Amino acid sequence: MEMNVDVLIAGSGVSGLYCALNLNKNLNVLLISKSKLTDTNTYLAQGGIATARSKDDIPSFIEDTLKAGKYKNKLESVKVLAEESIENIDNIMNIGMNLDKSENKILYTREGAHSINRIVHSKDHTGEIVADTLINEVKKHKNITIYEDTYLCDLININNKCEGGIIFKDGKQINIHSKVVVLATGGIGGLFKNSTNQRIMTGDGIAIALRNNVKLENLQYIQFHPTALYEKNTDSKRFLISEAVRGEGGLLFNSKGERFVNELLPRDVVSKAIYGEIKKFKVPYVNLDISFKDKDYIENRFPSIYNHCFEKGINITKEPIPVSPAQHYFMGGISVDLYSKTSMENLYAVGEISCTGVHGANRLASNSLLEGLVFSRRAAISINNKIDNIKLHKAENIKIFTKCEVENLKKENRKIVIQELKRRSEDLHDELFKY
Ligand SMILES: Cc1cc2nc3c(=O)[nH]c(=O)nc-3n(C[C@H](O)[C@H](O)[C@H](O)COP(=O)(O)OP(=O)(O)OC[C@H]3O[C@@H](n4cnc5c(N)ncnc54)[C@H](O)[C@@H]3O)c2cc1C
């Protein structure tokens, strides 16, 4: 089957949805997601969204981001991120995003390596609220069609120009002829044995980029979150104990009951310190304690974490939480410019699958939802400006996939992405991955 649209967006996380919303209303947009619309890492985000508090805070926000990223960041991208943060937070509030407030003033919290409180949040389920807000809005737009449970197999590549995508829906292939494709396919956590990510996040965008010779960057930079809930014998995603717990005073203790690290240092430093204690005492976890805070405060500030732990038999108002590090975020990805353009003509990449360079070697807490907003809007602006001048060619010899071939492609994609990650970093060994 053949279908024509102006823009094909693969991904229903913050970046895919916000990109769709910022495209001109006269463009015919198809937005697909591999699973249900809300099966995204966006939906899982707890802590919040970082933003400059005011114009005066921009230099300090930039410096904190660079410092956490070990100065491997792209300065131009970091500047854009900080300078455009306030207007994008305003935009999502204008379309109905509820942020925590006190006496009508936004509440800002603090997370590791931020020098001041500058994270906006909706209790401890910010991602769910962002996703629901954006999904509601997208559904109001008649120019945007949504296909769930639809898999992007490959691009339609005509002489290294992107002219659409091959998708698989309800067991059938549809060739989507589009002037632009936006990859918003999220991270790579599903490739790892231990990850906080949705298991479906298997770096499909990276596999597509590898198949089409699209430039990749910084694949060696993979972030491990220091505090995922430790559970014996679990094969599902690891539940995150947000950095905000430490931001609000939570302390880490080793198995001897001793503190061993400043809890607000960058994630890689805290993760390494925890691995050190785990190795030293030959135990599978360390303890994160917030129980000394007022019970009502904990239940109200961290309802998701409180409820999840309670279901697992841990009352965080009375006892510490067993935690250990898990893969969490991918700083590398498809190399893009300041408008999210990739090395392939008419192909854009946004969100976690892209590498804008804002995170350098290590992401500053709560910068990724912000990156998704800022750079997907920039992608939309660039697309709006140029789409009228793009002409499609007649696509010939498009590969035909059977159902069985799509299943094989998924396996092959996992394999080639893991291979490429290992090729880029000696630290990544077989035991970390789930084959
Ligand atoms: C537990 C957890 C907590 C987090 N907390 C925070 C936080 O507090 N603040 C913060 O800034 N960041 C946080 N992050 C990181 C942040 O949530 C993600 O980086 C961000 O939401 C990624 O958004 P995205 O749009 O790139 O992709 P996602 O939201 O992951 O969505 C990816 C989309 O791509 C689709 N897709 C993938 N492959 C295909 C394919 N082949 N075909 C079709 N569709 C495909 C999926 O179906 C999905 O719709 C957290 C992450 C996790 C896991």
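Buried, in this talk, means under 20% relative accessible area. Keep that cut-off in mind, since it comes back several times. The structure is a predicted model.

Let me start with the cysteines. Cys 153 has 1% relative accessibility, so Cys 153 counts as buried. What is the closest cysteine sulfur to that of Cys 153? It belongs to Cys 404, and the distance is 13 Å, which is too far for a bond. A search of the whole structure for disulfides finds zero. Cys 19 is in no disulfide either; its nearest cysteine sulfur is that of Cys 162, 13 Å away. Cys 19 has 0% relative accessibility and therefore counts as buried.

Next, the overall layout. The protein chain is divided into domain 1, made of 2-221 plus 331-432, and domain 2, which covers 229-325. Taken over C-alpha atoms, the centres of the two domains are 29 Å apart. How many residues does each domain put into the contact? Domain 1 gives 22 residues and domain 2 gives 23 residues.

Helix 6 runs over residues 126-140, which is 15 residues. From its first C-alpha to its last it reaches 22 Å, close to the 21 Å expected at 1.5 Å a residue. Which residues of helix 6 are buried? They are Thr 126, Gly 127, Val 130, Ala 131, Thr 133, Leu 134, Ile 135, Glu 137 and Val 138. Note that a glutamate, Glu 137, is on that list. What do these buried residues pack against? On the helical side there are helix 1 (14-22), helix 2 (41-44) and helix 5 (85-94). Among the strands, the partners are strand 3 (49-50), strand 6 (119-120) and strand 7 (144-147).

On to the aromatics. The whole structure has four aromatic pairs. One of them is Phe 192 with Phe 224: the ring centres are 6.2 Å apart and the planes are at 85°, so the pair is edge-to-face. The cut-off behind that word is an angle over 60 degrees between the planes. Phe 192 is in the loop between strand 10 (172-183) and helix 7 (204-211), while Phe 224 is in strand 12 (residues 222-229), so the pair ties together parts that are 32 residues apart in sequence. Ring pairs link Phe 192 and Phe 224 with Phe 433 into a cluster.

There are also charges over rings. The charged end of Arg 53 sits over the ring of Tyr 108, at 3.8 Å from the ring centre. Lys 399 places its charged end over the ring of Phe 401, and there the distance to the centre is 5.0 Å.

Two backbone points next. Most residues other than glycine have a negative phi. Asp 170 is not a glycine, yet its phi is positive, about 50°. Asp 170 lies in the loop between strand 9 (161-169) and strand 10. With 63% relative accessibility, Asp 170 counts as exposed. Ser 340 is also a non-glycine residue with a positive phi, in this case about 65°. Where is Ser 340? It is in the loop between strand 16 (333-335) and strand 17 (347-349). Ser 340 has a relative accessible area of 0%, so Ser 340 is buried.

Last, two single residues. Ala 361 is in the loop between strand 18 (354-355) and helix 12 (367-386). Its relative accessible area is 14%, so Ala 361 is buried. Leaving aside residues up to four places away in sequence, Ala 361 touches Gly 69, Lys 70, Lys 72, Tyr 221 and Met 331. The C-alpha atoms of Ala 361 and Lys 67 are separated by 9.8 Å, although the two residues are 294 residues apart along the chain.

Gln 419 is in helix 13 (residues 403-424). At 51% relative accessibility, Gln 419 counts as exposed, the cut-off for that being over 50%. How far apart are the C-alpha atoms of Gln 419 and Glu 243 in space? The distance is 31 Å, and the two are 176 residues apart in sequence.

Conventions: Residues numbered from 1 in each chain as written. Predicted model: local features only at pLDDT ≥ 70, side-chain atom pairs only at ≥ 80, totals over all residues. Heavy atoms only, no water. Phe/Tyr/Trp six-rings, centres within 6.5 Å; stacked < 30°, edge-to-face > 60°. Helix = DSSP H or I, 4+ residues; strand = E, 2+ residues; numbered from the N terminus. Lys NZ or Arg CZ within 6 Å of the ring centre and 35° of its normal. Buried < 20%, exposed > 50% of the residue type's maximum accessible area, 1.4 Å probe, protein only. Contact = heavy atoms within 4.5 Å. Disulfide = S-S within 2.5 Å. Expected span 1.5 Å × (residues − 1). Domains from an automatic or database assignment.
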